[in-house]
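Here are my notes on the model you sent. Please read them with the structure open.

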Amino acid sequence: MAKNKAAETICWLAILALLILSIVNVVYKGTKQTLLFTRDELKSGEVSKSWETFRKEQQLSQHKAKIENFRLTLDRDQNISSMRFTVIDPSDDNSYTMLDYSSCFSCEDKGEDRLTVTSDKVDRKPAQYDRLMTADEFFSKVEILNNQHFFTASRYAYTHLYSTGEYENTSYDGPYFVLEGTELKQLQTSHVSDEDYRNYGSIQVIGSNSSGSYQTSEGTTKSVIVR
């Protein structure tokens, strides 16, 4: 009889553990599937407004949520083909939310057309967190560049935007620009050799005839330093 009760207790504990894991999975994996931009939304020019709506829907911190590994692909008509990025957000004093966003409207593989938003919590501050731009700042810069038609690359079928999100020293072939406030100007020399432009965020704009791949080179790539 005692053995039967012990076995029953173990069984109930196992069921309880599975329920707890299921709840955790719903909380952290079953993230709201919130679309950041519609396919043609960049044409409206209200990038920051769309980000703010997304941020509130996902309950991300204002001024503390940071962005990394941002990738956005536009077609020749400036419609969004695909976009992905990660947001790192302090949840409390001891944990951080890692939110991964991926949307695809016209992928070369039609089976990939989808929206996926997932999130996990980590107990320690990610090592790269302090080196990243805030998502608020990043999307405000994207809005300025978008409204100044910096992403237009009519020579190519697609334009790829890429940023690590980090304040770092980057070196790519092709011209460099700097965005200070709302003023965009081209640099005469590479920022790598200029102390004034080190340790700032940057965005690469890369032309390609493929929506799924690109190659950085003098003829395809231009970089903008945001400060």
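1. Which residues of helix H2 (residues 47-57) are buried? They are Val47, Ser50, Trp51, Phe54 and Arg55. Buried means under 20% relative accessible area, exposed over 50%, and partly exposed in between, with a 1.4 Å probe and protein chains only. Seen down the axis of H2, these buried residues fall within an arc of 135°, so they line one face of the helix. The arc is that of the directions from the helix axis to the C-beta atoms. An α-helix has 3.6 residues a turn, so residues three or four places apart point the same way.

2. A word on the basis. This is a predicted model, in which local features need pLDDT of at least 70 and side-chain atom pairs count only at pLDDT 80 or more, while totals for chains, interfaces and linings use all residues. Residues are numbered from 1 along each chain as its sequence is written, and side-chain values use heavy atoms, with hydrogens and water left out.

3. The other side of H2 has Lys49, Thr53 and Lys56 exposed. After H2 comes Gln59, with a positive phi near 60°.

4. What do the buried residues of H2 pack against? Their partners are strand S2 (80-90), strand S3 (96-104) and helix H3 (135-147). Contact means heavy atoms within 4.5 Å. Helices (H or I, at least four residues) and strands (E, at least two) are DSSP runs, numbered from the N terminus.

5. Now the helix pair. The axes of H2 and H3 come within 8 Å and cross at roughly 150°. Axes are lines fitted to C-alpha atoms, for helices over the stretch in contact, and angles run from 0 to 180 degrees between N-to-C directions. H2 and H3 are therefore roughly antiparallel, a term for angles over 145 degrees. On the H2 side, Val47, Ser48, Lys49, Trp51 and Arg55 meet residues of H3, including Phe139, Val142 and Glu143.

6. Thr31 sits in the loop between helix H1 (2-28) and H2. Its relative accessibility is 10%, so Thr31 counts as buried. The Thr31 side chain makes a polar contact with the side chain of Ser119 at 2.7 Å. A polar contact is a pair of N or O atoms within 3.5 Å; within protein, one must be able to donate a hydrogen and the other to accept it, and residues adjacent in sequence count only if both atoms are side-chain atoms.

7. Overall, the protein has three helices and nine strands. Of its 227 residues, 44% count as buried.

Note on methods:
Parallel < 35°, antiparallel > 145°, perpendicular 65-115°, else oblique.
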